Amino acid sequence: MPDYRVIFTGYGANRTVYRAQQLTIQTPHNWDTSESDAANVLFIARKEIKKHFSRFAIISIEKLG
């Protein structure tokens, strides 16, 4: 299963900005194979970030290894 590093900026309460936050996700989807797998990787990344931030901006997603 490929690992992906997601770098994002999260926006918290009272105008707090959490810049360059990192999250590593492991998913069975490989974004090199098809557009639907790439969309699934993005969906899972957004789902994991939404556990912590309601507003965020994804800066980059890179495949590890």
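**Ground rules**

I call a residue buried under 20% relative accessible area, exposed over 50%, and partly exposed in between, using a 1.4 Å probe and protein chains only. Lys51, at 57% relative accessibility, therefore goes down as exposed. This is a predicted model, so local features need pLDDT of at least 70 and side-chain atom pairs count only at pLDDT 80 or more, while totals for chains, interfaces and linings use all residues. Residues are numbered from 1 along each chain as its sequence is written, and side-chain values use heavy atoms, with hydrogens and water left out.

**Entry: strands**

I took helices (H or I, at least four residues) and strands (E, at least two) as DSSP runs, numbered from the N terminus. Two strands pair if DSSP finds at least two bridges between them. How do β1 and β2 pair? Strand β1, residues 3-11, pairs with β2 in the antiparallel sense, over eight bridges.

Gly10 has Phe56 as its bridge partner in β3.

**Entry: core**

For a nonpolar core I need a set of buried Ala, Val, Leu, Ile, Met, Phe, Trp, Tyr and Cys residues joined through side-chain atoms within 4.5 Å. The largest one has 11 residues, among them Tyr4, Val6, Leu23, Val41 and Phe56. Which elements give two or more residues to this core? They are β1, β2, α1 and β3.

I then listed the contacts of Tyr4, a contact being heavy atoms within 4.5 Å. Not counting residues up to four places away in sequence, Tyr4 touches residues including Leu23, Ile25, His29, Trp31, Val41 and Ile61.

**Entry: His29**

Where is His29? His29 sits in the loop between β2 (17-26) and α1 (35-49). I have His29 as partly exposed because its relative accessibility is 22%. Setting aside neighbours within four places in sequence, the contacts of His29 are Pro2, Tyr4, Asp37, Asn40, Val41 and Ile44. The side chains of His29 and Asp37 make a polar contact of 3.4 Å. By polar contact I mean a pair of N or O atoms within 3.5 Å; within protein, one must be able to donate a hydrogen and the other to accept it, and residues adjacent in sequence count only if both atoms are side-chain atoms. I also checked Phe43, 14 residues from His29 along the chain: their C-alpha atoms are separated by 11 Å.

**Entry: salt bridges**

Side chains of opposite charge can pair when their charged atoms come close. My cut-off for a salt bridge is a side-chain nitrogen of Lys or Arg within 4 Å of a carboxyl oxygen of Asp or Glu. How many salt bridges does a search of the whole structure find? The search finds three.

Glu62 and Arg5 meet through their side chains at 3.1 Å, N to O. Glu62 is in strand β3 and Arg5 in strand β1, 57 residues apart, so I note this as a link between distant parts of the chain. Glu62 is partly exposed at 32% relative accessibility, and Arg5 is partly exposed at 27%.

Asp32 and Lys63 form another, at 3.0 Å, N to O. This pair links distant parts too: Asp32 lies in the loop between β2 and α1, Lys63 in strand β3, and they are 31 residues apart. Is Asp32 buried or exposed? At 57% relative accessibility, Asp32 is exposed, while Lys63 is partly exposed at 31%.

Lys51 bridges to Glu48, with the closest N and O atoms 3.2 Å apart. Glu48 is partly exposed, at 25%.

**Entry: rings**

Rings of Phe, Tyr and Trp (its six-membered ring) pair if their centres lie within 6.5 Å; planes under 30 degrees apart count as stacked, over 60 as edge-to-face and the rest as tilted. I found three aromatic pairs in the whole structure. Phe8 and Phe53 have ring centres 5.8 Å apart and planes at 70°, so I logged the pair as edge-to-face. Phe8 lies in strand β1 and Phe53 in the loop between α1 and β3, so the pair ties together parts 45 residues apart in sequence. Both Phe8 and Phe53 are buried.

Tyr18 and Phe53 make a tilted pair, 5.5 Å centre to centre with 50° between the planes. Tyr18 is in strand β2, so this pair ties together parts that are 35 residues apart in sequence. Tyr18 is partly exposed at 37%, whereas Phe53 is buried at 13%. Ring pairs link Phe8, Tyr18 and Phe53 into a cluster.
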